[in-house]
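Load the model in a viewer and keep the selection tool at hand.

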Amino acid sequence: MLRQDRLQGECLAAYPLRVLALRAVLALCLLFALAAAAGAAPVAGVVFVVIDGDTVLFKPDHSSPGSRAFLKLRLADIDAPEQDQPHGKAATRALSALLLNQRVEADTVAIDTYGRTIARIRVGAVRVNQEMVRRGLAWASTRGGDHHDLLALQREARRQRIGLWQDAAPTPPWAWRRAQSEPAS
């Protein structure tokens, strides 16, 4: 009986290791899939909903006519004001004017933790992510990567005091979201 208990204990001890190994393999598969998506060719399609100043719904050309397949795209490298934040509605209107019902090309950068496709979007020759920063309707991202061009556009918009830079000290969306999620004291 003692030997059976020992074997059973060894099996139970090995179980978490097997689960961890399986999770590691699944994580690697996910990383490879995301890397493949990030390096994929641009996807053409139509933007049919503008959610806010940096998020849209996009129907790729390759989906069948009766299909409800669409992608939620978040514009890469920028962060626009939230809807209920100053300049949020202006950012949404500007993005709508640029993209709504337009044929675009989307270059996937990544998939975020919310399942959104992070992309750089072009409509004709206009690089929309950069255009939003140029118009002073979004902050340039300072996370990772080389964003000198976006930061230069942001500095110029700020210098010209256009869009959200009309305010002396506009609140960045990430600070706004954090303040909104904190419980009132």
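Select Thr92 and its contacts (heavy atoms within 4.5 Å): leaving aside residues up to four places away in sequence, Thr92 touches Val50, Ile51, Asp52, Gly53 and Gln83. Thr92 lies in helix α2. Helices (H or I, at least four residues) and strands (E, at least two) are DSSP runs, numbered from the N terminus. Is Thr92 buried or exposed? Its relative accessibility is 10%, so Thr92 counts as buried; buried means under 20% relative accessible area, exposed over 50%, and partly exposed in between, with a 1.4 Å probe and protein chains only.

This is a predicted model, in which local features need pLDDT of at least 70 and side-chain atom pairs count only at pLDDT 80 or more, while totals for chains, interfaces and linings use all residues. Residues are numbered from 1 along each chain as its sequence is written, and side-chain values use heavy atoms, with hydrogens and water left out.

Next, select residues 88–99, which form helix α2. At 1.5 Å a residue, its 12 residues should span 16 Å, and the end C-alpha atoms are 16 Å apart, which agrees; the expected span is 1.5 Å times one less than the number of residues.

Colour the buried residues of α2: Gly88, Ala91, Thr92, Ala94, Leu95, Leu98 and Leu99. They cover an arc of only 165 degrees around the axis, which puts them on the same side of α2; the arc is that of the directions from the helix axis to the C-beta atoms. On the face turned away from this side, pick out the exposed residues Lys89, Arg93 and Ala97.

Now show what covers the buried residues of α2: this includes the strands β1 (43–52), β2 (55–60), β3 (71–75), β5 (103–111) and β6 (117–123), and helix α3 (128–134). Just after α2, stop at Asn101, which takes a positive phi of about 60 degrees.

Zoom out to the protein chain, with its 5 helices and 8 strands. Along the sequence they follow the pattern α-β-β-β-β-α-β-β-β-α-β-α-α. Of its 185 residues, 34% count as buried. Among contacts with a separation of 6 or more, 55% join residues 24 or more positions apart.

Finally, colour by pLDDT, the predictor's confidence in each residue, from 0 to 100. The chain mean is 83, and 73% of residues reach 70 or more. Over residues 28–38 the pLDDT is below 50, and this stretch has 4 contacts in the model beyond near neighbours in sequence. Where pLDDT is low, the predicted coordinates should not be read in detail.
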